[in-house]
Amino acid sequence: MKIKVSSGKLEKAKTNAVVSFLYKEDKNFPESVEQLNEALKDKIRKLYKSQKFSAEENSFLVVPTFGEIKSDFVILTGLGSKKKAELDTIRRAGAYIIRKAKELKIKSLTIDLKEVILDEFEQSYMAQALVEGIILGDYSFDKYFTKKEKFEVEEIQINVERKYLKEAEEAVRVGKILAEAQNFTRDLVNEPANVINTIQFAKIAEDLAKEYGFEIKIYDENEIEKMGMGAYLAVAKGSENPPRFIHLTYRPKNSKGEIALVGKGLMFDSGGLNIKTGDFMRWMKSDKSGACAVLGIFKAIGELKPDITVHGIVAAAENMPSGKAYRPDDILKAKNGVTIEVGNTDAEGRLTLADALSYACELKPDMIIDMATLTGACVVALGEFTAGVMGNNQKAIDKVLRISKYTGEWMWQLPFNDKLREQIKAPHADVYNISTSRYGGAITAGLFLEKFVDPKIPWVHIDIAGPAHNTAGWYYHPKGATGFPVRTIVNLILEESK
Ligand code: BES
Ligand code: MG
Ligand code: ZN
């Protein structure tokens, strides 16, 4: 699918359809739609009235032109209420439009942004959101179907005012890169554990490093042991697939700082000896979502080349029960020397992250962000669509939260406190991998991670257990992996590099 920027009159558009937006509150057509309506001898208004078109989100008024203009269809699409509209409204509309176009078998579209008003946002911002929505909404993981949906939209023109052409072109370029990186993450998460195991994951990271010229170091089980990563190693022990510790580095010439990204990389989480029951074990191929997000983010920065050093760290493992598996009551020692008593082998993510975060701190970056499908408790607290954000530095947390408002990746802070800190005291070691209370589980997991982070380094923990994967899909996310929070983190990196 080619996506280009244009600035022209809609009646003259050469694409198969032209698409215009309407808010619920709009009493009149935008000027450009008025002109189309004139060219079509009032057909748009007549249909608009007879259909009582109300411009709800994801609603369409499809008007055939019968050759009166070059395009075969004029399509009005609703944006819902203007009061509620935000950048993500446009992003969602992009997804709805591409799906509608596929349904109607329309090969090329001109989508008009010229007269859309959205708070303080210039047309280039809207163009970027639109492109992101189109590419994200067009995604499906269909490689294993022997019969595939064949129809593809071939070309999309995004129509903006002439004075915004240049900025919109750049915005469209960035939007494409972001959405394609997110789709790359989705592809990896959607692959089952019999296809992407630890070794395969490391190979994918290596290929990415080759493609973009990143530095990469992959540590095998012996090296992991030598580094003293006793917590991570314990989690990996039960599986036939050996652990692989991956450290990617993007190092530009004019680096303005250093960020370390850590992604939870459980290729599959069966729970281990504390084995999960059927419904809870399903979709645990997605327990590698944080790690796959790191690779997606690296793909984007490989393309965008920001002036900042970025580390990508993944402790890849598989959590399985077996005669070699670690057990409840085992006492482990992490890389930073902290001892951990195992209360539950299903709280494995924090153990792998303990060593990954210790490793990240030794790099002495200016900021650490970890992304992890860490707790079911976070999903209970915030629902399936919102990530929980925690950390040791309010400024860094605020940065992530602010950017997430624009990317549409919903996030909400969960508060640390000393009362919850008491709940991860272990009977016979420095820290417990479970909490002594059943409440506040997302926060106690965050507080566990805190023990492995140098308090001098600003650190943000994003629990993506809810939004990383969705069996039904929502907005521009088809069912399965979402690629959350690739765009938020890339935007943050871009900001930090300025
Ligand atoms: N990978 C799970 C968390 C998870 C749950 C992710 C649901 C996505 C959807 C994690 O390893 C886990 O099992 N956590 C336990 C922790 C508990 C044993 C303290 C949980 O949340 O139940
Ligand atoms: Mg688990
Ligand atoms: Zn897990």
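## The magnesium site

In this predicted model, the magnesium ion (ligand 2) is coordinated at 2.0 to 2.2 Å by Asp269 (OD), Asp346 (O), Asp346 (OD) and Glu348 (OE), where donors are N, O and S atoms within 2.8 Å of the metal (3.2 Å for Na, K and Ca) and water is not among the atoms, so sites may look incomplete. Because this is a predicted model, local features need pLDDT of at least 70 and side-chain atom pairs count only at pLDDT 80 or more, while totals for chains, interfaces and linings use all residues. Residues are numbered from 1 along each chain as its sequence is written, chains are lettered from A and ligands numbered from 1 in the order in which they are written, and side-chain values use heavy atoms, with hydrogens and water left out.

Along the chain, the donors of the magnesium ion (ligand 2) follow the spacing D-x76-D-x1-E. Asp269 also forms a bridge between the magnesium ion (ligand 2) and the zinc ion (ligand 3), which lie 3.2 Å apart.

| Residue | Relative accessible area | Class |
|---|---|---|
| Asp269 | 3% | buried |
| Asp346 | 23% | partly exposed |
| Glu348 | 0% | buried |

The unreviewed UniProt entry lists Asp269, Asp346 and Glu348 under "binding site", although such annotations may be inferred rather than shown by experiment. These residues are spread over 80 residues of sequence, yet they cluster in space, with a largest C-alpha distance of 8.3 Å.

Asp269 is found in strand E9 (residues 258-269); here helices (H or I, at least four residues) and strands (E, at least two) are DSSP runs, numbered from the N terminus. Leaving aside residues up to four places away in sequence, Asp269 touches Lys276, Met281, Met284, Asp287, Asn319, Asp346 and Glu348, contact meaning heavy atoms within 4.5 Å.

Which helix is largely enclosed by the rest of the structure? Helix H16 (residues 486-496) is, because eight of its 11 residues are buried, among them Val486, Arg487 and Leu494. Helix H15 (residues 441-450) is mostly covered as well, with nine of its 10 residues buried, including Gly441, Phe448 and Leu449.

Conventions
Buried means under 20% relative accessible area, exposed over 50%, partly exposed in between (1.4 Å probe, protein chains only).
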